[in-house]
Amino acid sequence: MNPRYYEKMSQLLLELVQQRKEEAIRYEELLKKYEELAKKLFPHTNKTYPPSINTGAKQALFDNLNHNEELADALYTQINDVRPDNWIGSTIKERVVRNLLRESLAAYGITDEKEVERIFELITNQPEFQ
């Protein structure tokens, strides 16, 4: 979902492997650096979410909606209830989801169209919604 991020992490891993091959760092230091890298790759593992935020898509919504548990949970349910099959890439079907999103966010005082588009983009990139 973020090629540049993973490209950067891949480069860091390659550098660590190269340093190890050159015996530039001790094994313990290498393990510590791998651990730090893993924390960067999977930052969500360090967070604790409310019990209702129990899927990857809900976590993404929660993180991107100012940690509003009620909104994230409601939006997740509404999207799953309304989204048509094979909706991504279909202008008409995407409009259905976008309108639902616009209405749901407006109910929580979020009316900025840029914010609606940002969350819509987030939703389209969630495997649970595809």
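Student: Is Lys-58 buried or exposed?

Tutor: Buried means under 20% relative accessible area, exposed over 50% and partly exposed in between, with a 1.4 Å probe and protein chains only. Lys-58 is buried, its relative accessible area being 9%. The model is a predicted one, in which local features need pLDDT of at least 70, side-chain atom pairs count only at pLDDT 80 or more, and totals for chains, interfaces and linings use all residues. Residues are numbered from 1 along each chain as its sequence is written, and side-chain values use heavy atoms, with hydrogens and water left out.

Student: Which residues are in contact with Lys-58, leaving aside neighbours within four places in sequence?

Tutor: Contact means heavy atoms within 4.5 Å. On that basis, Lys-58 is in contact with Ser-52, Ile-53, Ala-72, Asp-73 and Tyr-76. Lys-58 itself lies in helix 3; helices are DSSP runs (H or I, at least four residues), numbered from the N terminus.

Student: How is the packing of two helices described?

Tutor: One gives the angle between their axes and the distance between the axes. Axes are lines fitted to C-alpha atoms, for helices over the stretch in contact, and angles run from 0 to 180 degrees between N-to-C directions. Here the axes of helix 4 (residues 69-82) and helix 5 (residues 91-107) come within 10 Å and cross at roughly 155 degrees. Helix 4 and helix 5 are therefore roughly antiparallel, a term for angles over 145 degrees.

Student: Which residues of helix 4 meet helix 5?

Tutor: Leu-71, Leu-75, Gln-78, Ile-79 and Val-82 do so, facing Val-96, Leu-100, Leu-101, Ser-104 and Leu-105 in helix 5.

How values were computed: Helices (H or I, at least four residues) and strands (E, at least two) are DSSP runs, numbered from the N terminus. Angles under 35 degrees count as roughly parallel, over 145 as roughly antiparallel, 65 to 115 as roughly perpendicular and the rest as oblique.
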